[in-house]
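Visitor: I have a model open and want to learn how to read it. Can you take me through a few features?

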Amino acid sequence: MTRQPPPTDLGDPPENRPLPGARRPGAGADRPVAVVTGGTRGIGLGVVRHLASTHHVVVGGRQASSVAAVVDELADAEGFVADLSDCGSGGSLETALAALVARLPRVDVLVHSAGVLRPGTVADLSTADWLDSLTVNVVAVAAVTRVLLPSLRAAEGLVVLVNSGSGLRATPASGAYCASKFALRALADSLREEERAQGVRVTSVHPGRVDTDMQRELVAWEGDDYDPSRHLRVESVVRAVRLAVDASADASIDTVSVRPRR
Ligand SMILES: NC(=O)c1ccc[n+]([C@@H]2O[C@H](COP(=O)([O-])OP(=O)(O)OC[C@H]3O[C@@H](n4cnc5c(N)ncnc54)[C@H](OP(=O)(O)O)[C@@H]3O)[C@@H](O)[C@H]2O)c1
């Protein structure tokens, strides 16, 4: 399907714009549903824009304004506003997820793209850095997946976890990030085997360095000049996600490693 999203309707009066949590009236009733965390920026935003050509997209993010800006540019989308670091019992994620499942009978694709990178050596990283890394990059992923699993099973759906080369090889000055991405790979491997009989597929995507805000912040921390041409384009990672989404029914794309060519 090659349907393109229409031009942005950001010019609409505010009262006519859909709320981040609201489904657009009459939109997407017959389309497969894709939920994308971290859909406001970087890789997640690229995935949202690409899947919007074929799916009703649920745009995840932590700020209502940035979620609404993305929802507004798409023909068939709604928002899911939650802070993934608040994923404990009774937290805002739990509340937002309860509202989400109540209005989504099925989920065909769940893409976990939200993530944080706290650079630093083990000698320097604080306990807060470790907790933040593991909470957003792992614990919240499990929490979101758990709540959406019945809807994913109903659709014999797909879970895509945007991991990293750091989930395959650990490097200096990134222990908290690498530990979280190794844990995320373990989560993906366990989930894949647990859900195989239920028809849910699980894909772990491992990009190298990608030209996003996260990469800009990392390069600034490293004290280097930023050169976007040295990094993967978001589109290159989006293609890997699309490969998994479009896999033939008999196949599971288990792991994809996407590296800069040079
Ligand atoms: N960029 C790279 O070089 C690279 C390489 C390999 C893997 N990855 C992985 O790819 C994924 C996406 O990275 P990116 O480069 O696109 O990052 P990014 O540009 O920094 O965007 C991060 C996204 O995650 C969301 N997010 C962060 N903390 C959150 C929280 N507590 N609750 C809810 N949402 C939160 C952000 O929402 P806000 O807009 O609200 O901040 C934003 O949408 C991450 O899992 C990352 O580890 C990135």
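**Reading backbone, burial and ligand shell**

Guide: Start with Glu-156, which counts as partly exposed because it has 14 C-beta neighbours inside 10 Å. Keep in mind that this is a predicted model.

Visitor: Where is Glu-156 placed?

Guide: Glu-156 sits in the loop between helix 4 (127-155) and strand 5 (158-162). Look at its backbone too. Glu-156 is not a glycine, yet its phi is positive, about 45°.

Visitor: Which loop holds Ala-173?

Guide: The loop between strand 5 and helix 5 (175-195). Ala-173 is not a glycine either, and its phi is positive at about 60°.

Visitor: Why does Ala-173 count as partly exposed?

Guide: The cut-off for buried is 20 or more other C-beta atoms within 10 Å, and for exposed 12 or fewer. Ala-173 is partly exposed because it has 16.

Visitor: How many residues of helix 1 are buried?

Guide: In general, residues three or four places apart in an α-helix point the same way, because a turn takes 3.6 residues. In helix 1 (residues 42-51), 10 of the 10 residues are buried. Among them are Gly-42, Ile-43, Arg-49 and His-50.

Visitor: Which residues come nearest the ligand?

Guide: Gly-38, Gly-42, Gly-115, Thr-212 and Met-214, out of the 27 residues around the ligand. Helix 1 and helix 6 (213-222) each give the shell at least two residues.

Visitor: What classes of residue make up the shell?

Guide: Sort them by side-chain class. Around the ligand there are 13 polar, nine nonpolar and five charged residues.

Conventions. Residues numbered from 1 in each chain as written. Predicted model: local features only at pLDDT ≥ 70, side-chain atom pairs only at ≥ 80, totals over all residues. Helix = DSSP H or I, 4+ residues; strand = E, 2+ residues; numbered from the N terminus. Near = placed C-beta within 6 Å. Nonpolar A, V, L, I, M, F, W, Y, C, P; charged D, E, K, R; others polar.
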